[in-house]
Amino acid sequence: MKSKTQPIKSKIEIKEPININSKEFINNKYEYYKLLREEYPVCKGKVSVIDAYFISRYDDCVNFLKDPRFVRNRTTATGGGRFPFPLPKSVSLIANSMITEDEPDHRRLRNLVHQAFTHHSLAKMEGRIEQLTNDLLDKAEKQGTVDLKQAYALPIPVTVIQEMVGVADEDMPQFYNGLKALSEGFSGLTLLRTLFWDMPRLSKFVRELIDRKRSNPSEDILTALIQAETEGEKLSEDELVAMVFLLIIAGYETTVYLILNSVLTLLQHPDQLALLRSQPELINSAVEEILRYRGPIQGTKPGYALEDVVLHGVTIPKGAAVFPLLGAANHDRDVFENPEVFDITRSPNKHLGFGNGIHTCLGAPLARMETRIAIANLIIRNPNLRLAVDVSQLELINIPLWHGYKNLPVMLK
Ligand code: HEM
């Protein structure tokens, strides 16, 4: 069978504008990153249909994420809409969440949910995640060969975020289908279907969810947010919808791919897997190294230039969208010794897998906890864990600035 992940070209070359959605780029991204860092530290390109500039060196990415000359709210920088093209209202309001806001709105929104994601608040989730992972493994191990995504990596974060946010079990099928459409629909023509069909439907569903919760409050984030909304000033209804959307979307698929990338990378590095089995206390630094080596999120949301900014001799014009390539920064040899070596004992490891600056991932403690427990239980209970297909059969997802596989067939026990 023809390999799905084999390089399409034998020699990597860059022609601006670079298309980071192309299969060629997606399948060879780490080689492209190397060339970008070395020769095109500021490169013109496209993310889906959006014109953009990419920066790829570690220091440039960190500086950019803290640079007041770049803002998240496109309207502030360009005077135009929040998106470079018109979208249905139900879709555009979803974009008005903390991740695309600047201070002080960003801080106001982040403060409303920050408490739920502190280590202290999450401590009570630990037992629940232990139980969930063991229940899923009980089932999967009986089958022997499974797609680890469907059987394990997906239900863990979906269940956790469902319970934290407060989505009722009977709402899950509709919710799940909506999310599935989003995660599969960001390339080519499916982008239009996603934007004009799936997202408005999901947005309507989130509004209905909020209405149901109003009459049936409980101990969850959604109830707390509705409370903040009814107290006025703190949160508008549109912001409430955007927040629920962000938490759900940011909180589940990222973790699915972190779990899957962890399993695949460990299986591809048997010496590191053996080391982890013999020294389970290395699990925390192993998770950090996956985030650096094969993190699921390869770039942040764009920052828009408030003025012309010159970097490495390239003028980024006022209003232009700039994306820091976190995946490229995480392999910068000026910061990481032997960056292409996967080393679960790496220290220090100041990777950018959760971003940097004021938008640093809010859910990082939760993502770390879920992944740590998921991987530890999987490898302890399955000493013979192995891939059920050749690695060349695995297919990368085509979501801009993500890294993950569509599925991961494995043999358990
Ligand atoms: C492996 C898992 C995860 C990864 C790799 C990840 C990565 C990231 C990154 C790179 C950012 C910065 C984006 C930017 O600057 O535009 C971010 C922001 C964010 N993440 Fe995560 N994330 C993960 C899991 C989660 C979880 C479980 C949640 C919780 C619900 C979450 C909620 C958020 C939120 C709310 C933001 C926006 C923060 C802000 O704008 O201040 N993430 N995440």
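A crossing is right-handed if the near helix is turned clockwise from the far one by less than a right angle, and left-handed if anticlockwise. Residues are numbered from 1 along each chain as its sequence is written. The model is predicted: local features need pLDDT of at least 70, side-chain atom pairs count only at pLDDT 80 or more, and totals for chains, interfaces and linings use all residues.

**View 1. Helices α10 and α14 cross.** α10 (residues 155–165) passes α14 (residues 237–268) in a right-handed crossing. Helices (H or I, at least four residues) and strands (E, at least two) are DSSP runs, numbered from the N terminus. The packing angle is about 155°, with the axes 8 Å apart. Axes are lines fitted to C-alpha atoms, for helices over the stretch in contact; angles run from 0 to 180 degrees between N-to-C directions. The pair is therefore roughly antiparallel (over 145 degrees).

**View 2. The α10–α14 contact.** α10 contributes Ile156, Pro157, Val158, Ile161 and Val165. The α14 side includes Val244, Leu247, Gly251 and Tyr252. Contact means C-beta atoms, placed from the backbone, within 7 Å. The residues divide into 11 nonpolar, 2 polar and no charged (nonpolar: Ala, Val, Leu, Ile, Met, Phe, Trp, Tyr, Cys and Pro; charged: Asp, Glu, Lys and Arg; polar: the others, Gly among them).

**View 3. An open sheet of 3 strands.** The order is β5-β11-β10, with antiparallel pairing (at least two DSSP bridges between two strands). β5 (145–147) and β10 (386–387) are the edge strands, each pairing on one side only. β5 and β11 (residues 409–411) pair over 3 bridges. Val146 stands opposite Val410 in β11.

How values were computed
Parallel < 35°, antiparallel > 145°, perpendicular 65-115°, else oblique. Contact = placed C-beta atoms within 7 Å.
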